[in-house]
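Hi everyone, thanks for coming. Let me put the structure up on the screen, and then we can walk through a few parts of it together.

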Amino acid sequence: MTDQLRQLAHAELHARPFPRFDADWPILLMCVQTSPDQLAAVWAWLQLNIPPLPPKPTAGAWTLQSGQLDLRVEQHTEFLAISWRAPGGTELAPDWLAAAPMDILVLTHFVATDAAALAAHGASSSSLLGGTLQVATDFAIDPQGLCQWRYAFTQPQTPDSRGRAMQMLMEVETYRVLSLIQMDKVRAAHPALQAIAKAKRGDSDPTELALLERNEHELDALWQSLNWRVSACRAYHDLVFQRLLDLDDQRLGELPSVTEFLRRRMTPAIATSETVMRRHQELAQSISRRANLVRTRLQLNLETQNSALLSSLKQTAQRQIRLQSTVEGLSTVAISYYALGLLSAAIAPWVDKANAGLVKTALVPLVIGAVWLTLQRIKRKLDT
C-alpha cells in the first residue's frame, strides 16, 4: 500500500506533461464542464467527433500525434480540456457543439500570424518570454462563437519550447474564463443579502425568532451555492496571473498588455465576489447573535413563568394543607360530639343520674383522643 501511494504521488507530477509542437499550426482549444456523474456522457459525446479517443476517460492527459493532426485531452477536476492542431486548422460542426451534454466553457482559436500584423488583431498585445513570443487578443467572441488569439514566434523554436509556451498560453485563456464563471450568481446574491439585512423584525419574540431562523436558512443556502465557486474563481484568477508572470508578460506597442487588460477587467469582479462573501459572513454573524439573544430572552421568560407557576403551586399547596388541617380539626370535633352523644346514650342505663354529668365530662377527652388517633391512622394509610 505504501509503495502504491508513493507511485501515485510521483505519477501526479507527470499526469499532464508539456506537449511537443513541431510547427506553428492553428490550435483549437475547447473546455467542457464535467462532473463525476456526467463524465461518461461527456466522453461519449466527444467520441462522436473524435474517433481516436480511448473507450474510457484516462487520468491526466491523453495525446495523439500524427503528421496531420495533434490531439490532446486533459482531465481536470471540473472540466475536460481538448486541443486540436492541424496544418489547415480545425472546424467543429455546430450541431455537434449544440448537442453537448454539459456546458462548453472555453472555445478559443490560436492562429499564427506575422508579428508585424499583431496590433491589428486585438485590444491587448504582449511580448512574452523576453520577446520570443508575441500575442494579441481582444477576448471577444466572434460570429462563429470563437475567441481569437494571434501569436507569432520571433525566433526559431524547438518542439519542446514551442509546446511549453503554447500550453501556458492556453492555460491563461482557460483559467481566465473559469475565474469568471457564474459571476451572475454572485451579483444576484447581493440584492438577496440586502433584502435579508433590511427585513422587518417580528412583533413578538417567537415571531422574531422564526424570522431570524428563516434568514439563517436562506444565508446557509447562499453559502452552499457560492462559497466553493468564489473560492475556485479566486484560485483560477491567481493562476492566470501566475502564468502571465511565468511568461514574463510585457507591453507590446501602444496597446495594454494582456496582464494590464485582465487585471483591469478581471480583478474587480473577483473583488466584488469576495466582498459579497464577506458581507454574507458579517450578516450571518449578526443574525446569529440576534437569534441567540432572542432565544436567551425567551428562555428567561420561560424560566420566570415556570418560577411564578411553581410559587403559585406552592402557595396553593400550603392553602390546601391549612384547609386540610382545619377540616381535620372540625371533623375531629364533629365526630367526637356525635360519638359522645351515642356513648352517653349507651351507658345511661348503667350510670346514676346524679353522676351522669361527671361521667359524660370524663368521657370527653377520651372520645376526642380516640377519634383523633383513628383519623391519623386513616390519613397515614391513605398517604402510603
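This is a predicted model: local features need pLDDT of at least 70, side-chain atom pairs count only at pLDDT 80 or more; totals for chains, interfaces and linings use all residues.

What is the order of its 9 strands? Going across, they run 2-3-4-1-5-8-7-6-9, forming an open sheet with mixed pairing. At the edges sit strand 2 (61-65) and strand 9 (250-251), and each of these pairs on one side only.

Helix 4 packs on this sheet. Among the strands touched by helix 4 are strand 1, strand 4 and strand 5 (104-112), and the helix direction makes about 145° with that of strand 5.

Helix 4, residues 159-179, has a helical partner as well: helix 6, residues 205-246. How do we describe such a pair? Two packed helices are described by the angle between their axes and the distance between the axes. Here the angle is about 155°, and the axes are 8 Å apart. An angle over 145 degrees counts as roughly antiparallel, so that is how helix 4 and helix 6 are arranged. Helix 4 passes helix 6 in a left-handed crossing.

Which residues make the contact? From helix 4 they include Met168, Val172 and Tyr175, and from helix 6 they include Cys233, Leu239 and Arg243. By class, this contact has 9 nonpolar, 2 polar and 5 charged residues.

How values were computed. Residues are numbered from 1 along each chain as its sequence is written. Side-chain values use heavy atoms; hydrogens and water are left out. Axes are lines fitted to C-alpha atoms, for helices over the stretch in contact, and angles run from 0 to 180 degrees between N-to-C directions. Helices (H or I, at least four residues) and strands (E, at least two) are DSSP runs, numbered from the N terminus. Angles under 35 degrees count as roughly parallel, over 145 as roughly antiparallel, 65 to 115 as roughly perpendicular and the rest as oblique. A crossing is left-handed if the near helix is turned anticlockwise from the far one by less than a right angle, and right-handed if clockwise. Contact means heavy atoms within 4.5 Å. Ala, Val, Leu, Ile, Met, Phe, Trp, Tyr, Cys and Pro count as nonpolar, Asp, Glu, Lys and Arg as charged, and the others, Gly among them, as polar. Two strands pair if DSSP finds at least two bridges between them.
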